[in-house]
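Student: I've got a structure open and I'd like to learn how to read its sheets and helices. Can you walk me through it?

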Amino acid sequence: MSSVLKVSDLHVSVGETPILKGVNLEIGQGEIHALMGPNGSGKSTLAYALAGHPNYSVTGGTIEVDGVNITEMEADERARLGMFLAFQYPVVIPGVKVADFLRHAVTNVRNPDRKEGEGLIGMREFRKELRSRMTELGMDHEFARRYLNDGFSGGEKKRMEILQLAMLQPRFAILDETDSGLDSDAVRVVSEGLARLSGPQMGVLIITHHERLLEFNTPQFTHVMLGGRIVETGDAALANELHSNGYAEVRKRHPQAAAEEAAAEEALA
Amino acid sequence: MSLVTRDPGRTGFSVEVFEQFLAGRQEADWITEARRLAFAEYERLLSIELSPEEFKRLDLRPFNASRFRPLPEQSQQSSVSALMGDHTEYGGRIVHQDGYVSQLSGSDTLSERGVLFGDLQQMLESHRDLLEPFFMRRAVAPDADRFAAWHAAFWTGGTLLYVPRGVELELPIHSLITHTQDGVAEFSHTLIIVDEGARATLLEETASAEAGSAGLHVGCVELIVERDAHLRYVQLQNWNQNSWHFAHQAGVVENNGSLQWTVVGLGSKVSHIHQDINLAGRAATAEVNGVTFTSGRQKLSYYTQQNHQQQGTHSDLLYREVLRDDSRVIWRGMIKVDLPAQQTDGYQRSDALMLSETARCDSIPGLEIEADDVRCTHGATTGRVDQDQILYCMSRGITRNEAMHMIVEGFFQQVYDRIPIPVVRETLSRTVQKKLGIETMESRLISDDEDEN
């Protein structure tokens, strides 16, 4: 059975400020969706809300995976159900080796009922798997012994996110500007890596401003977010149009959302 | 006992107690004479305020010394489990029980290489000419403060390790200091002398036989590292949470010598350690590592001094503290650079990680510099577990608790990385996990290193 991630009329606030104002989105396993929109339109908020960040409170609507309501679930429970967020700003965890971190993560995701203190997956097989994934992503095996994201360059951090994606093999992956801040070589590596990983088993939501990531990972669906709502959905051609022409036309087509966007910006200023 | 003890009787160690203690001793006259001088010093120092800089943050009012007494004779031998004791091969072992040496092994084999290892009092008596110039003369003076004098008057038992010129001890030495009797006052002394070009490692730990009994340790550690010598010394304080721990500790490093000193504070109700690092010879170096993990209502206090006395000396101190519950840690650090100590490189840093709202940590670094061509750096941070780190771990399927534990271990890992003794790293990792409440978690450190081969 093919899985579905379904977002219905999702309202999310940060503190007292409403950011998402009724987002509807349905992603099937094996599909690639692009999410575009100007800065501040709510793309990252949607990503964090899907991952279960406690600072992003859902004030209305639901998030479901195969009909199971995960709106109230903690982030770790969601991960064990197959959700994955590649962070725009990956977090440094000093003193924790990449290999140790991933061994815990992989064990929990593959054995969702595991309790803390129970055995981890075998070191030998884990190491073998980790090394082969690193080779595929063109990463030095030495990274396994480094502390997670500690002293990593921007490109190394993003590649580490893709490595985690490769190891955890989620059903639904959300990539929040995984291509931002990277030079074109690094974007290519990440794009190719993602293209290799995504397949019939993975639904992907790519949040991006760049063409490159979408060149290697052609979206079947392109969504445009404005003022906290998805205002348009099209195919890959829509992504191309936005790359070429920006959001002026979109704002014209959706004056109410554009007005709300402007009001929100004013409130922030 | 407040900063000024107006009633010396309240300390409970009156002249009657001292005379009674002496009456039970069988020892050389010169040792007894030194005790009498120290006791007079102790009584004098009781009426003098403790250094406010060192003690003002530590409330000693609940301390009632009269509750504790030295044992008049050795208690029946009981085995107390050691954290590091069974996990590696040692070149020699000594166990102190309630102030008496209760077990000793390896000293015969070591003596074939000219190494002296064993009961301090016996060694002082049999090798007076060699050892008298060191004992409470080179590193810790009996009149250094009230606690040093108290120790100098009442010390019993103790470890002596003397490594002669050019001898390298490949295997570490293990020393275990235990309390088995409720109300015991124990004054063990550690004297290590590493002669020119020699090398040694001594791992020392303290333990209480029972969780419920209360003990008092008034200790002294003297580490003498001669020219070109190298010493690694670890003291892991793991008393039960009813015990009191006071210690005056000092290391002296001569020309080109190096000292690596690790202090670990896990146990005790209240502890105060005065730690001096005296870089007395040119190009002497010292690396100091501190690891503390407090819980409940524990209070651990450290006063550290890195004294740069000669040219080209190098010191590097890193303390890492994790605090739970209502516990408290005080670290007051000082780098002192004397006028002749040009081209000195001094570093000190203390980082605390708070796991509760009610824990408290005071970290106060300081510098006193008389030379003008030096590089001295210091810093102190206090923080809570970062919620973004927790969320990041959780978004990978790791539970909130597990994430917390990982982050704490990672925090300590950066000190473990400086300790090149596997048994110490492994012990610390295991002990920290236990204190975090993860009894059965497999040790990632150990499995990782093993598998790498």
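Predicted model: local features only at pLDDT ≥ 70, side-chain atom pairs only at ≥ 80, totals over all residues.

Student: Which way do strand 12 and strand 14 of chain B run relative to each other, parallel or antiparallel?

Tutor: Strand 12 (residues 258-265) and strand 14 (residues 285-294) of chain B are parallel, joined over 8 bridges.

Student: What sheet do they belong to, and what is its strand order?

Tutor: An open one in chain B made of 10 strands, ordered 2-1-5-8-10-12-14-16-18-21, with mixed pairing. Strand 2 (100-105) and strand 21 (374-384) of chain B are the edges, each pairing on one side only. Neighbouring strands are turned by 10 degrees on average, direction ignored.

Student: Which strands does helix 10 of chain B touch?

Tutor: Helix 10 of chain B packs on the sheet against strand 8 (199-208), strand 10 (230-238), strand 12 and strand 14 of chain B, and its direction makes about 20 degrees with that of strand 14.

Student: How do I read the burial pattern along a helix?

Tutor: An α-helix has 3.6 residues a turn, so residues three or four places apart point the same way. In helix 10 of chain B, the buried residues are B:Val423, B:Val424, B:Arg425, B:Thr427, B:Leu428, B:Val432 and B:Gln433.

Student: And how far does helix 10 of chain B reach?

Tutor: Its 15 residues (422-436) span 21 Å between the first and last C-alpha, close to the 21 Å expected. Just after helix 10 of chain B, B:Gly437 has a positive phi of about 95 degrees.

Methods:
Residues numbered from 1 in each chain as written. Chains lettered and ligands numbered in written order. Helix = DSSP H or I, 4+ residues; strand = E, 2+ residues; numbered from the N terminus. Expected span 1.5 Å × (residues − 1). Buried ≥ 20, exposed ≤ 12 C-beta atoms within 10 Å, placed from the backbone. Pairing = 2+ DSSP bridges. Axes fitted to C-alpha atoms, helices over the stretch in contact; angles between N-to-C directions. Contact = placed C-beta atoms within 7 Å.
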